[in-house]
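Biologist: I have a structure open and would like to go through it with you. Can we start with the metal site?

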Amino acid sequence: MRAVDMSCEVVAGLVVPWLGAPGGEEMSERELDAFEQHLLYCPPCMAYGRNARIALDALRAAGPGAVSRDLRESLAALVRAAAT
Ligand SMILES: [Zn+2]
C-alpha cells in the first residue's frame, strides 16, 4: 500500500494503535509510514490525530495512579468510536 493510497477511513482507524492506546492493535512499519505520510497532506486527519494524541498525552502525564484504568479505557473507546 502506497502512502497516497491510504484512505481517511483507514487512517482514522489507525489513530488508536498509532498512539499506543490500550486495546489498540499493533501497526506494521509500512502502515506507520503510510499513516504518517497521510497526515502530512491531509489536514483533517492531522487535526484528528493531534487531538487524540493531546488527550492521551494528558492522561499519561497525569501519571499511572492519577487516572483510573477504567477512565483510560473509556477514553480509548471514545477515540476508537470517533474513528469509525
Ligand atoms: Zn485523511
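Modeller: A word on terms before that: a donor here is an N, O or S atom within 2.8 Å of the metal, and water is not among the atoms. Keep in mind that this is a predicted model.

Biologist: Fine. Which protein atoms are the donors of the zinc ion?

Modeller: Cys-8 (SG), His-38 (NE2), Cys-42 (SG) and Cys-45 (SG) are the protein donors, and they lie 1.9 to 2.3 Å from the zinc ion.

Biologist: How are the donor residues spaced in sequence?

Modeller: The spacing is C-x29-H-x3-C-x2-C. Cys-8 is in helix H1 (residues 8-19) and His-38 is in helix H2 (residues 29-41), so that pair, 30 residues apart, links distant parts of the chain.

Biologist: And why is the arrangement of the 4 donor atoms called tetrahedral?

Modeller: Because the angles they subtend around the zinc ion run from 106 to 114°. Four donors count as tetrahedral if all angles lie between 85 and 135 degrees.

Biologist: Is Cys-8 buried, partly exposed or exposed?

Modeller: Cys-8 has 35% relative accessibility, so it counts as partly exposed. The cut-off for buried is under 20%.

Biologist: What about His-38, buried or exposed?

Modeller: His-38 counts as buried, because its relative accessibility is 3%. Cys-42 is buried at 10% relative accessibility, and Cys-45 is buried too, with a relative accessible area of 8%.

Biologist: What is His-38 in contact with, leaving aside its neighbours within four places in sequence?

Modeller: His-38 is in contact with Met-6, Ser-7, Cys-8, Val-11 and Cys-45.

Biologist: Changing topic. How many aromatic pairs are there?

Modeller: There is 1 aromatic pair in the structure. Trp-18 and Phe-35 form it, with 4.9 Å centre to centre and 45° between the planes, which is a tilted pair.

Biologist: Where do Trp-18 and Phe-35 lie?

Modeller: Trp-18 is in helix H1 and Phe-35 is in helix H2, so the pair ties together parts that are 17 residues apart in sequence. Trp-18 and Phe-35 are both buried.

Biologist: Now the overall fold. How many helices and strands does the protein have?

Modeller: There are 4 helices and 0 strands, and from the N terminus on the elements run α-α-α-α.

Biologist: I was also looking at Leu-56. Where is it, and is it buried or exposed?

Modeller: Leu-56 sits in helix H3 (residues 43-61). Its relative accessibility is 6%, so Leu-56 counts as buried. From Leu-56 to Leu-75 the distance is 8.0 Å, C-alpha to C-alpha, and the two are 19 residues apart in sequence.

Biologist: What share of the residues of the protein count as buried?

Modeller: Of its 84 residues, 32% count as buried. The protein exposes about 5400 Å², with carbon and sulfur atoms supplying 57% of that area.

Biologist: Last one. What share of the contacts with a separation of 6 or more comes from residues 24 or more positions apart?

Modeller: Such residues account for 67% of those contacts.

Conventions. Residues are numbered from 1 along each chain as its sequence is written. This is a predicted model: local features need pLDDT of at least 70, side-chain atom pairs count only at pLDDT 80 or more; totals for chains, interfaces and linings use all residues. Side-chain values use heavy atoms; hydrogens and water are left out. Buried means under 20% relative accessible area, exposed over 50%, partly exposed in between (1.4 Å probe, protein chains only). Donors are N, O and S atoms within 2.8 Å of the metal (3.2 Å for Na, K and Ca); water is not among the atoms, so sites may look incomplete. Four donors count as tetrahedral if all angles lie between 85 and 135 degrees; four count as square planar and six as octahedral if opposite donors are over 155 degrees apart and all others between 65 and 115; anything else is irregular. Helices (H or I, at least four residues) and strands (E, at least two) are DSSP runs, numbered from the N terminus. Rings of Phe, Tyr and Trp (its six-membered ring) pair if their centres lie within 6.5 Å; planes under 30 degrees apart count as stacked, over 60 as edge-to-face and the rest as tilted. Contact means heavy atoms within 4.5 Å. Accessible areas come from the Shrake-Rupley method with a 1.4 Å probe; for residues, only the protein chains shown count as cover.
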